Amino acid sequence: MTSGLWELVLKGVWTTIQLLVFGALLATAVSFVVGVARTHRLWIVRFVAGVYTEVFRGTSALVMIFWVYFVLPIVSGWQLVPLWAGTLALGLTYGAYGSEIVRGALNAVEPAQKEGGIALGFTPWQRLRLIVLPQAVPEMIPSFCNLLIELLKGTALVSVMGMGDLTFSANLVRLALQQSAEIYTYILLIYFAIAFVLTRLMRALEKRLKAGVGKDAGTFAAARELKRAQTTGVGGRVA
């Protein structure tokens, strides 16, 4: 390939990475908000979160991209640029899958830990922040790693909007050179390289989170000391 065609491919890689990062940030936020809502004590909150999850899990990501890019402007009068349309569609879709990861990890925390927080007089938010999440988050990482790889592969769907991502750029190069086998082999290797880097980063994050968090008395004791410091002013400094 010529330098100009390689430049086109590299621009596609950069667009794909942007879409991946923005989509992952949105999906993560949605995952935690909806996942926590699925465990809320109020049934109406659980119901609304459940409806969201079922709707976005039960619809095609490709159709959702079409809807956000072509239908949303008609309904709302707001026309999103392809990058943000793709980010919104993919973030909301994969966030629905992520919410089930969060819900499952929160429910997997030992009931005794939560009961201990209640005995200490913690508010629901304090129990979630100080006791439940520190134990649940490390257990979410492997599943979130798989979801992140799926999101990476899902970014190829935005090419239907004419967005210059890696897949769209590769198709332009293929049309220019008429060399399908060579071009798509290169693209497969690029996707694999990005996925490999993501996997290693997520594994490193998992090890770091699990290094200081155990399902033993350590987390509960830390939370108890923080509560004592808040109520009596004696003990460690409260952040």
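A: Helices here are DSSP runs of H or I with at least four residues, strands are runs of E with at least two, and both are numbered from the N terminus. The model is a predicted one, so local features need pLDDT of at least 70 and side-chain atom pairs count only at pLDDT 80 or more, while totals for chains, interfaces and linings use all residues. Residues are numbered from 1 along each chain as its sequence is written, and side-chain values use heavy atoms, with hydrogens and water left out.

A pocket is an open set of points on a 1 Å grid over the protein atoms alone, where a 1.4 Å probe fits and protein lies on both sides within 12 Å along at least five of seven lines; its lining residues have an atom within 4 Å of a point. Points are joined across faces, edges and corners, and the volume is the space filled by probe spheres set on them. On these terms the largest pocket holds about 390 Å³ of space. Its lining comprises 13 residues, and those nearest its centre are T39, H40, P124, R127 and L128. Two or more lining residues come from each of α4, α5 (111-119) and α6, and α6 gives the most, with five residues. Sorted by class (nonpolar for Ala, Val, Leu, Ile, Met, Phe, Trp, Tyr, Cys and Pro; charged for Asp, Glu, Lys and Arg; polar for the others, Gly among them), this lining has seven nonpolar, three polar and three charged residues.

Of the 14 residues that line the second largest pocket, A24, T28, F144, L148 and M202 are closest to its centre. The elements giving two or more residues to this lining are α1, α6 and α8, with α1 giving the most, six residues. By class the lining of the second largest pocket has twelve nonpolar residues, two polar ones and no charged ones.

Turning to salt bridges, the rule asks for a side-chain nitrogen of Lys or Arg within 4 Å of a carboxyl oxygen of Asp or Glu, and by it the count comes to six. One of them joins the side chains of R38 and E100, at 2.7 Å from N to O. R38 lies in the loop between α1 (3-37) and α2 (43-57) and E100 in helix α4 (residues 82-108), so this pair ties together parts that are 62 residues apart in sequence.

Within helix α6 (residues 124-154), K153 and E150 are three residues apart, about one helical turn, and their side chains meet in a salt bridge at 3.2 Å, N to O.

In helix α8 (residues 180-211), E206 forms a salt bridge with K210, the closest N and O atoms being 3.1 Å apart, and four residues, about one helical turn, separate the two. E206 counts as buried at 18% relative accessibility, whereas K210 is partly exposed at 36%. Elsewhere, salt bridges with shared partners join R38, E100 and R103 into one network.

Finally, an unreviewed UniProt entry lists residues 12-37, 49-72 and 183-201 under "transmembrane region"; such positions follow the numbering used here, feature names are shortened, and annotations may be inferred rather than shown by experiment. In the model, residues 12-37 are 100% helix and 0% strand, with end C-alpha atoms 37 Å apart, whereas residues 49-72 are 88% helix and 0% strand, with end C-alpha atoms 22 Å apart.

Technical notes:
Buried < 20%, exposed > 50% of the residue type's maximum accessible area, 1.4 Å probe, protein only.
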